Amino acid sequence: VVEDARRSGRPGVFGLRDRDFGPTNHARWSTMSECFFALETFEIECFLLDAKALAACAINTGGRQEEEIEASLAKQASELVWWMACRRVIAGLREARQQDFPAHPKRTSVPSREAARDVLLENDWVKRTAPGLAARVEARELLAALDAAHDDYAGHIASGTWKRVFSGKEIV
């Protein structure tokens, strides 16, 4: 939608997307060429993990204090460490599968069987990525990735930085 609007002469249209397991593009937000803004937090719901705001909110009918809400949010996040770690490994597998995936060639660039053969067999994905996928799904590799992701998320719980990297909607 954003790209279509820009092609139609509406340069003031922008998109905001969750970072999920990908990188943020915050460093480029001030450039005029950037039209999609990838959050620094995992997803937009992470902004709802504000204990002070929740305590002051009209729907806080239980009258919970900021400290109680903060403790409850942190407890819920700590119960999701393995789930988040598993999701990160799956996201990594998806990314690895897509890395260097060949684009469709222009119709004029494939006039013969030989040209089609080159597109299919001489691209980086077929040469490097596809053969490497088998090693990434070996049990030892998957479990090592899972343990590393778990340690990272557990570290975020311990340091109190979990609100930026956890899936906020499940906690809210």
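Mentor: Arginine 64 is partly exposed, because its relative accessible area is 44%. Buried means under 20% relative accessible area, exposed over 50%, and partly exposed in between (1.4 Å probe, protein chains only). Arginine 64 forms a salt bridge with glutamate 68, and the closest N and O atoms are 3.7 Å apart. A salt bridge here is a side-chain nitrogen of Lys or Arg within 4 Å of a carboxyl oxygen of Asp or Glu. Glutamate 68 also has a relative accessible area of 44%, so it counts as partly exposed.

This is a predicted model: local features need pLDDT of at least 70, side-chain atom pairs count only at pLDDT 80 or more, and totals for chains, interfaces and linings use all residues. Residues are numbered from 1 along each chain as its sequence is written, and side-chain values use heavy atoms, with hydrogens and water left out.

The structure holds twelve salt bridges. One of them pairs glutamate 43 with lysine 169, with the closest N and O atoms 2.8 Å apart. This pair links distant parts of the chain, 126 residues apart. Glutamate 43 sits in the loop between β2 and α2 (51-56), and lysine 169 in helix α8 (residues 168-171). Helices (H or I, at least four residues) and strands (E, at least two) are DSSP runs, numbered from the N terminus. Glutamate 43 is buried, because its relative accessibility is 1%. Lysine 169 is partly exposed at 42%.

Lysine 75 bridges to glutamate 79, with the closest N and O atoms 2.5 Å apart. Both lysine 75 and glutamate 79 are exposed. Salt bridges with shared partners also join Arg117, Asp118, Glu122 and Lys127 into one network.
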